[in-house]
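Please keep the sequence and the structure in view while reading.

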Amino acid sequence: YSFIGTEPYRVFRSGPFNDPSEGADPLREIEDELARYRLSHPKDTEHKSTLPRFTGGAVGFLAYDVIRHFEPRVQIPAADPQGLPEALFMFVDTLLVFDHLKHVIKVVSHCRLDGDIEQSYRQACWRIDELVKRLGQALPASPYTMGAATFVGKPTESNVGRERYIEMVDR
């Protein structure tokens with residue numbers, strides 16, 4: 001499966017930090033957010049309604065530096081030239097689920113059951129319909145010309161000559 005979330009209701013970002021003693025385990029924050037929900041997951045056998053076990057939650061990444069929260073003995077490099085966050089996750093109610101085995105795309109939207117359930121259900125149906133409609137629309141024309149790649153008006157060129165490239169392939 002591949003999952004693409006849309007319109008996150010929350011984005012969680014942790015770091016970067018100047019000092020390894022800063023920050024807290026980002027998985028605790030994710031766990032706290034997800035603890036607010038309980039997923040009711042039907043186990044249908046009908047092909048069109050069967051969902052994968054994962055249909056939402058926290059989707060994102062943990063950088064290597066997060067290891068400091070789990071294994072303090074690992075030395076973290078002092079310099080972080082990229083300045084990337086140590087964790088970045090989004091929480092969504094609506095997502096696309098690509099089943100690569102069956103070649104099927106499903107649109108899933110969650111209902112909140114802590115208020116007006118019928119209104120929540122209508123909103124989830126509306127989100128599904130809107131996403132399906134957006135997927136059916138043509139994309140705008142690309143502002144980039146097709147053909148030889150250019151960068152700021154200059155043609156791009158390889159940093160490896162043809163002979164060196166062939167040597168690397170042979171090796």
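This is a predicted model: local features need pLDDT of at least 70, side-chain atom pairs count only at pLDDT 80 or more; totals for chains, interfaces and linings use all residues.

The structure holds zero disulfides, whereas the count of salt bridges comes to nine.

**Cysteines**

- Seen from the other partner, the closest cysteine sulfur to that of Cys111 is in Cys125, again at 6.8 Å and too far for a bond, because a disulfide requires the two sulfur atoms to be within 2.5 Å.
- Cys111 is partly exposed, with a relative accessible area of 31%, and Cys125 is likewise partly exposed, with a value of 28%.

- Side chains of opposite charge can pair when their charged atoms come close.

**Glu86 and its surroundings**

- The side chains of Glu86 and Arg68 meet in a salt bridge, with 3.0 Å from N to O.
- Glu86 lies in the loop between helix H2 (67-70) and strand E4 (87-91), and Arg68 lies in helix H2, so the pair ties together parts that are 18 residues apart in sequence.
- Both members of this pair, Glu86 and Arg68, are buried, and for Glu86 the relative accessible area is 4%, a value that counts as buried because the cut-off is under 20%.
- The side chains of Glu86 and Arg68 are also joined by a polar contact of 3.0 Å.
- Leaving aside residues up to four places away in sequence, Glu86 touches a set of residues that includes Ser14, Gly15, Phe17, Ala24 and Pro26.
- Also among the residues that Glu86 touches are Phe61, Leu62, Ala63, Asp65 and Val66, together with Arg68 and His69.

- Glu71 forms a salt bridge with Arg73, and the closest N and O atoms of the two are 2.8 Å apart.
- Within this pair, Glu71 is partly exposed, with a relative accessible area of 27%, whereas Arg73 is exposed, with a relative accessible area of 70%.
- Elsewhere, salt bridges that share partners join Arg10, Glu29, Glu33 and Arg36 into one network.

**Nonpolar surface**

- Which residues make the nonpolar surface patch of about 370 Å²? The patch is made by Tyr165, Ile166, Met168 and Val169.
- Val169, one of the residues of this patch, has its place in helix H4 (residues 162-170).
- Val169 counts as exposed at 53% relative accessibility, because the cut-off for that class is over 50%.

How values were computed. Residues are numbered from 1 along each chain as its sequence is written. Side-chain values use heavy atoms; hydrogens and water are left out. Buried means under 20% relative accessible area, exposed over 50%, partly exposed in between (1.4 Å probe, protein chains only). Patches are made of residues with over 30% relative accessible area and no salt bridge: like charges are joined within 9 Å, nonpolar side chains (Val, Leu, Ile, Met, Phe, Trp, Tyr) within 5 Å. Accessible areas come from the Shrake-Rupley method with a 1.4 Å probe; for residues, only the protein chains shown count as cover. A salt bridge is a side-chain nitrogen of Lys or Arg within 4 Å of a carboxyl oxygen of Asp or Glu. Helices (H or I, at least four residues) and strands (E, at least two) are DSSP runs, numbered from the N terminus. A polar contact is a pair of N or O atoms within 3.5 Å; within protein, one must be able to donate a hydrogen and the other to accept it, and residues adjacent in sequence count only if both atoms are side-chain atoms. Contact means heavy atoms within 4.5 Å.
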